[in-house]
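Work through each task before reading its solution.

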Amino acid sequence: MADNYLKLVNSGFTKELAKSLGLPRPSILRRYRRGQPLVPGPVVVLGAGSAAHELTETLLGWGLDVRRHAGGSEKLGALILALDAVEAPGDISSIALETGAALRSLAPGGRVVTISRPADATDAPARSAARQGVTGLLRSLGRELRGGATANGILLAEGIRADAPSATAALHFLLSGRSAYVDGQFLTIESARGELPADWDQPLSGKVAVVTGAARGIGAAIARTLHRDGATIVAVDVPQAGDALAKVANEVEGTALQLDVTRHDAGQIILDHARQRHGHLDIVIHNAGITRDKLLANMDAARWDSVMAVNLESQLRMNEAFLAAELPGLRIVSLASTSGIAGNRGQTNYAASKAGVMGMVVATASAMAERDGGINAVAPGFIETEMTAKIPVATRTVGRMLMPSLMQGGQPLDVAEAIGFLASDAAGGINGQTLRVCGQSLVGA
Ligand code: NAD
């Protein structure tokens with residue numbers, strides 16, 4: 001439905017009609033297609049210092065048209081703000097204002113990316129203020145962009161260079177159409193780990209990936225996207241979804257595993273299946289999830305306990321099995337939700353389970369790093385699936401229009417793209433984090 005509206009307000013006579021009626025006109029987002037350019041025009045790198053130099057070298061290495069100042073009438077593909085060296089709030093202003101002057105030149109689907117360092121309690125107050133200030137600048141700037149352009153930031157932990165593997169991979173992801181619905185977010189690069197792919201179009205080549213809840217919705221999109229990027233897929237879902245599951249597994253040339261993830265031995269069953277059928281297990285995507293919404297005053301134990309069991313406790317138990325198996329380099333990505341960040345009326349059980357996923361990810365990160373692997377979460381906002389189709393039409397429509405800049409819900413593919421990035425070896429320096437895929441909104445299922 002959102003898709004039809006998008007087409008109507010972006011083409012022919014109905015586009016003109018929508019314009020004259022003053023209707024909201026969300027843009028068709030620039031999404032990844034193999035072979036398309038990484039960005040829709042020249043890239044301007046603003047700022048001096050080592051990061052600006054390292055970024056310029058990286059971008060030139062990708063064959064992009066790189067400029068050190070904005071100007072001229074040409075439409076720009078991206079603006080990159082190197083703010084890693086700010087020591088006091090005054091250090092932000094010249095780059096912020098130069099960015100402002102260049103914003104009107106940003107092409108539809110363009111990108112703004114800040115490169116900075118996280119504020120730290122041990123910093124001098126002025127430096128911490130300047131660093132934290134960058135986050136406010138970026139988030140507000142993101143809300144001012146139009147035409148499907150987005151703004152996101154990369155935070156380099158102390159001692160990490162802008163050309164560290166995961167900083168490079170994060171930049172590639174944020175510039176590309178893969179990050180179409182990631183907006184107003186920060187990725188922290190906390191270590192120099194990570195290995196860049198030989199082929200950016202096949203970053204998961206040779207990997208075996210398990211996707212739970214793969215029979216439909218976001219899970220099916222994850223299976224398709226990870227397969228497109230080179231992975232062999234084990235598609236998991238409950239026996240009741242067996243037919244749909246088989247269809248997805250066939251489509252991605254993988255194997256289907258009918259399994260309720262709340263089973264106590266689910267982790268071992270997955271491990272055995274992956275090893276027997278495919279020889280190894282490299283990636284686990286904990287996507288299976290349910291909602292059983294009720295106001296807390298009307299909540300019963302069955303609703304509360306089933307949501308906790310599927311959305312959180314199953315993941316905790318499966319992770320224990322995977323950690324015990326000492327799989328080298330295993331990367332896990334879990335599905336959280338913006339409801340777990342902002343809360344949502346009628347979703348105390350669901351929000352508790354999804355906030356729990358974020359807590360689980362933080363506390364599992366070091367054990368994963370010891371095994372050369374990593375664990376992160378993705379928190380989708382309003383994504384158009386069968387789960388959100390149950391939300392009343394009026395609430396859904398208002399929800400879409402609340403996205404301050406993109407004015408639309410996301411697609412399952414948008415969540416899958418972020419998961420594919422975090423599941424890749426290139427994201428090795430990113431661990432224990434939650435990345436929102438929410439079009440800058442906190443409205444979520
Ligand atoms: P969906 O209901 O369309 O699909 C969920 C899948 O999980 C189904 O195929 C279902 O059979 C499977 N599943 C449920 N319980 C299972 C179990 N015990 N064992 C194995 N499989 C099981 O949901 P969706 O919208 O695609 O959401 C996927 C994930 O994304 C969920 O974790 C959800 O909480 C999260 N999420 C969705 C949205 C959204 O807007 N759709 C927003 C935030 C988070």
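Buried area is the accessible area that two parts lose on being put together, summed over both. The model used here is predicted.

**Exercise 1.** Find how the protein is divided, and describe the contact between domain 2 and domain 3.

Solution. 
- Step 1: The division gives domain 1 (1-30), domain 2 (35-189) and domain 3 (208-437).
- Step 2: Taken over C-alpha atoms, the centres of domain 2 and domain 3 are separated by 29 Å.
- Step 3: Domain 2 brings 21 residues to the contact, and domain 3 brings 24 residues.
- Step 4: About 1,900 Å² is buried between domain 2 and domain 3, with carbon and sulfur atoms giving 60% of this area.
- Step 5: On the domain 2 side, the most area is lost to domain 3 by R178, Y181 and Q185, which together make up 39% of what that side buries.

**Exercise 2.** Which residues are the closest to the ligand, and how many surround the ligand?

Solution. 
- Step 1: The ligand is surrounded by 27 residues, with R216, I218, D237, N287 and Y350 the closest.
- Step 2: This shell consists of 15 nonpolar, eight polar and four charged residues.
- Step 3: For polar contacts, the cut-off is 3.5 Å between N or O atoms. An oxygen atom of the ligand lies 2.5 Å from an N or O atom in the side chain of Y350.
- Step 4: Polar backbone atoms also take part: one of I218 is 2.8 Å from a ligand oxygen atom, and one of I383 is 3.0 Å from a ligand oxygen atom.
- Step 5: The ligand taken alone exposes 830 Å², and the protein buries 94% of that.
- Step 6: Two or more residues of the shell come from each of α7 (217-228), α12 (348-370) and α13 (386-389).

Terms used
Residues numbered from 1 in each chain as written. Predicted model: local features only at pLDDT ≥ 70, side-chain atom pairs only at ≥ 80, totals over all residues. Heavy atoms only, no water. Near = heavy atom within 4 Å. Polar contact = N/O pair within 3.5 Å; in protein donor to acceptor, adjacent residues only side chain to side chain. Areas by Shrake-Rupley, 256 points an atom, 1.4 Å probe, with all protein chains shown as cover. Helix = DSSP H or I, 4+ residues; strand = E, 2+ residues; numbered from the N terminus. Nonpolar A, V, L, I, M, F, W, Y, C, P; charged D, E, K, R; others polar. Domains from an automatic or database assignment. Contact = heavy atoms within 4.5 Å. Buried area = accessible area lost by both parts, 1.4 Å probe.
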